[in-house]
Amino acid sequence: MPDDILTLARELAEITKLVADDDFGSTMARFVTRIVRTVPGCDDAIITVRSASGVETVDSSHDLGFDPLVPGPIVEAVTYSEPRRLDDVAADQRWPAFGTQFVNAGYRSCLCLPLSTDGAETAVLSLLSRQPEQFGEAAFDVVLLLTLHAGVAFDNASLYHDSRELVTQLRTALRTRSLVGQAQGLLMRHFDCPSEDAFALLKRTSQNRNEKLRDLAAMLVGAHDGGGFDEVLAQLGVAGSKASGVSRAV
């Protein structure tokens, strides 16, 4: 994740400052260039569109060395408007024909996310990396925001986009991730449990109390900093022994 979220926000804000004579091609080219430059682990990017006339590539960072329209994660994402992630082509055999071309071109992982568009066409932004496991859950949130932004550009509405709102969204996403991670660590230490159990506890308590996950995490972190961690756990119904506290969570 970028150390300075404002740097990333400024990069994206530049894309919104389109002049009236910017055409579709130059806008998309600028966007994929910015994506490659700002997303950690991303070596190349590509935008694919599905319309009544078929599926086609509308822009890529350069000649990728493989056919992105071979049946695989990119085609599935643009066909079904669903995200697809390939963590390591050497271990994932879901798309053998695509995988062969992909690895021969020097790539190992990719993340394909639908763009938010208002037209009849569907579009997908695909991020490519020459290293495996580059687009995990931590990166997913930021990339999802990027695809929403790309959809705005795709619909030629970037001139009206409020870049300050984008900065707020990015800050909120990173703040939430940080708070949840801190709360998860506190529960792991308190109950001597693995990270998966600590996160499951947070999620279950959030759902049962009808409280946002980030608000619950902030409550736990604040309680710890203020010396009232045990009291808040008791209020939440997760007090007790370390072994039984997790399983007995409300």
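Does Asp88, at 15% relative accessibility, count as buried or exposed, and what is the cut-off? Asp88 counts as buried at 15% relative accessibility, where buried means under 20% relative accessible area, exposed over 50%, and partly exposed in between (1.4 Å probe, protein chains only).The model is predicted: local features need pLDDT of at least 70, side-chain atom pairs count only at pLDDT 80 or more, and totals for chains, interfaces and linings use all residues. Residues are numbered from 1 along each chain as its sequence is written, and side-chain values use heavy atoms, with hydrogens and water left out.

The protein has ten helices and five strands, taken as DSSP runs (helices H or I, at least four residues; strands E, at least two) and numbered from the N terminus. Of its 250 residues, 42% are buried.

The whole structure holds seven salt bridges, each a side-chain nitrogen of Lys or Arg within 4 Å of a carboxyl oxygen of Asp or Glu.

| Pair | N to O distance |
|---|---|
| Asp44 and Arg130 | 3.8 Å |
| Arg85 and Asp87 | 3.0 Å |
| Arg108 and Asp88 | 2.9 Å |

Asp44 is buried at 3% relative accessible area, whereas Arg130 is partly exposed at 34%.

Arg108 is partly exposed, at 27% relative accessibility.

In the remaining tabulated pair, Arg85 is partly exposed at 25%, and Asp87 is partly exposed at 24%. Separately, a network of salt bridges links Glu76, Glu82 and Arg84.
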